[in-house]
Amino acid sequence: MHLGPRIIYSIGGINITETVLYSLIVSAVMIAFAFISTRKMRRIPKGSQAFAEWIVESIYNLVANTMGKENIRFAPYIGTLFIFLILGNSLGLYEQRPVTADLNTTFALAGITFVLIHYNAIRSQTLKGYIKHLSSPYPFMLPINLVGELAFPLSLSFRLFGNITGGVIIMALLFGGLEGITEGMEITIPFLLIGIPLPANFFFDIFEAGLQAFIFTMLTMVFISNGIIKHEHH
């Protein structure tokens, strides 16, 4: 079993892994859908335009309900993040490695969330107020609070990576076991691989993919809005 992302191509010593390739494909799909659904805008939406408008409206409502209407400006980023995670998590449906089964991807996404949290916290009440908040309730707590803040992107990235990678490993073991049983029974038609993995496929590649995308996105929204609220109340 190959646990890490495979290297597909190298350019000048820079390795292009399957994670990079699939991330580009997922991004291209999102851009293509946005282009197609908005190419011929109608007053009464139909087809892909209606579906795209439903997605946008749902994301804006989710952001307004979670972060408040005053933070609705985060909706485009939150929507992009959520859709990217759903598509990236569910690549197992096409027998490909999910992009979030690579720690580099999850850490990069968690890093963006980390920057957004603290940039908006500093912006809401200046650097002085931000440091004052980190030093509460007593100044000697500043190093401890800093460690806690720095640990957040690690926990966020490892959480998503662990859940998606766990599903990849279980599916690989399941298919490997079924293949072994089929070979042991000397059956030419691998009928065991047709129906038995379907419930596991549904759970790990659809339900778990959507659930983990939702959790990551919700944590991003909650921590960004909490950071802003905390500093606005000080």
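The questions below take up the pocket, then a serine, then the cavity.

Modeller: This is a predicted model, where local features need pLDDT of at least 70, side-chain atom pairs count only at pLDDT 80 or more, and totals for chains, interfaces and linings use all residues. Residues are numbered from 1 along each chain as its sequence is written, and side-chain values use heavy atoms, with hydrogens and water left out.

Biologist: Which helix gives the most to the lining of the largest pocket?

Modeller: The largest pocket holds about 750 Å³ of space. Among its 26 lining residues, Ile-55, Val-56, Ile-59, Gly-79 and Ile-83 are the closest to its centre. Helix 1 (18-37), helix 2 (47-67) and helix 3 (75-89) each supply at least two lining residues. With 11 residues, the one that gives the most is helix 2.

Biologist: Is Ser-90 buried or exposed?

Modeller: Ser-90 sits in the loop between helix 3 and helix 4 (103-134). Its side chain reaches the backbone oxygen of Ile-86 at 2.8 Å. Buried means under 20% relative accessible area, exposed over 50%, partly exposed in between (1.4 Å probe, protein chains only). Ser-90 has a relative accessible area of 13%, so Ser-90 is buried.

Biologist: Which helix gives the most to the lining of the largest cavity?

Modeller: About 30 Å³ of space lies in the largest cavity. Leu-156, Arg-159, Leu-160, Gln-212, Ile-215, Phe-216 and Leu-219 line this cavity. Helix 5 (142-184) and helix 7 (198-232) each supply at least two of the lining residues. The most, 4 residues, comes from helix 7.

Conventions: On a 1 Å grid over the protein atoms alone, a cavity is a set of points where a 1.4 Å probe fits but cannot get out, and a pocket is an open set with protein on both sides within 12 Å along at least five of seven lines; lining residues have an atom within 4 Å of a point. Grid points are joined across faces, edges and corners, and a volume is the space filled by probe spheres set on the points. A polar contact is a pair of N or O atoms within 3.5 Å; within protein, one must be able to donate a hydrogen and the other to accept it, and residues adjacent in sequence count only if both atoms are side-chain atoms.
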